Amino acid sequence: MTGGNSLLSLASGACAGFAVDVSLFPLDTIKTRLQSKPGFWKAGGFRGIYKGIGPVVMGSAPGAAMFFVAYDTSKNILVNSKLAINNETLSYMISACFGEVCACLVRVPVDVVKQRSQTTAHLSSWAILRDTVKHENIQGLFRGYRSTVLREVPFSFIQFPLWENSKQMLSKYHHRPVTPLEGAWCGFFAGGFSAAVTTPLDVAKTTIMLAKRSDDAALGRVFPVLKSVYIDRGLRGLFAGLVPRTMWISFGGFIFLGTYEGVLSIYNH
């Protein structure tokens with residue numbers, strides 16, 4: 001990928017990430033509180049629905065930009081270079097995986113502070129950041145990195161091939177490139193389906209990030225956490241927050257991928 005295209009991916013991803021994270025933040029707060037151990041009402045209910053938005057404002061654009069630079073670069077290499085993979089769907093999956101691993105380096109510290117802010121009424125995001133670094137050092141900000149990657153990789157394995165292939169199908173049907181709006185609707189479908197089936201992994205990630213330092217969940221082991229959630233709350237616990245998560249990521253996919261397609265379209269014209 002050329003430098004110009006890398007900058008385009010950077011700008012498109014940054015715009016897309018900021019647009020979706022800020023506009024749909026209340027749904028994310030509701031989802032986090034539903035998944036928290038104390039439960040929705042004890043974690044704050046509908047009060048302070050924008051609490052924790054500060055870290056998101058600062059981190060959403062860099063995280064999304066990092067994802068799309070890594071995704072577009074690796075996709076270009078896998079599809080168009082001497083290392084080309086004949087199966088396009090596989091190249092989308094590998095590229096999405098690489099993008100998520102890179103993006104989580106920004107996304108996880110943001111999520112740690114954000115989710116603790118969303119479920120802690122008496123502390124600001126800045127106070128939570130200082131407390132985390134003071135008691136857990138810098139690695140405390142990366143608690144849940146493995147569980148986040150373990151959630152995001154299967155999610156992207158499903159979402160991005162669905163998105164790319166649905167765009168190709170629409171393009172072939174209309175005998176023209178898809179419009180940004182059509183790309184957005186493809187993102188809506190791909191995001192919602194992917195979000196629904198990966199909800200248990202999201203529950204595990206949230207549990208790990210919110211766990212007290214003395215809790216076993218703080219060790220970051222995903223499958224023991226899933227087992228514990230199932231024992232305590234059953235299947236309903238594993239799918240806690242399913243509706244707001246699916247709504248959030250459906251509309252998020254529409255805005256995120258639609259904005260990305262829109263910025264690309266402006267540049268290409």
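This is a predicted model: local features need pLDDT of at least 70, side-chain atom pairs count only at pLDDT 80 or more; totals for chains, interfaces and linings use all residues.
Residues are numbered from 1 along each chain as its sequence is written, and side-chain values use heavy atoms, with hydrogens and water left out.

Let me turn to the overall fold. The protein chain has 10 helices and 0 strands; helices (H or I, at least four residues) and strands (E, at least two) are DSSP runs, numbered from the N terminus. The C-alpha atoms fill a box of roughly 55 × 35 × 35 Å along the principal axes. The radius of gyration, taken over C-alpha atoms, is judged against a globule rule of 2.2 Å times the number of residues to the power 0.38. For 269 residues a compact globule would have a value near 18 Å, so the 19 Å of the protein chain agrees.

Of the 269 residues, 51% count as buried, where buried means under 20% relative accessible area, exposed over 50%, and partly exposed in between (1.4 Å probe, protein chains only). Contact means heavy atoms within 4.5 Å. Among contacts between residues at least 6 apart in sequence, 77% join residues at least 24 apart.

Which residues of the largest nonpolar core touch the most other members? They are F68, Y71, F160, W163 and F256, in a core of 23 residues. Helix 1 (3-23), helix 3 (53-80), helix 4 (88-118), helix 6, helix 7 (180-197) and helix 10 (242-268) each supply at least two residues of this core, and helix 10 gives the most, with 6 residues. Apart from this core lies another, of 12 residues, including L201 and L226. A nonpolar core is a set of buried Ala, Val, Leu, Ile, Met, Phe, Trp, Tyr and Cys residues joined through side-chain atoms within 4.5 Å.

S156 lies in helix 6 (residues 145-174) and counts as buried because its relative accessibility is 0%. Leaving aside neighbours within four places in sequence, S156 is in contact with A96, E100 and P161.

K114, in helix 4, is a charged residue that also counts as buried, at 5% relative accessibility. With neighbours within four places in sequence set aside, K114 is in contact with F25, D28, G52, P55 and V56.

L210 belongs to helix 8 (residues 199-210) and is partly exposed, at 23% relative accessibility. Beyond neighbours within four places in sequence, the contacts of L210 include T32, Q115 and R143.

Finally, the loops. Most residues other than glycine have a negative phi. N137, in the loop between helix 5 (125-136) and helix 6, has a positive phi near 60°; N137 is partly exposed, at 43% relative accessibility. H175 lies in the loop between helix 6 and helix 7, and its phi is also positive, about 60°. Is H175 buried or exposed? H175 is exposed, with a relative accessible area of 73%.
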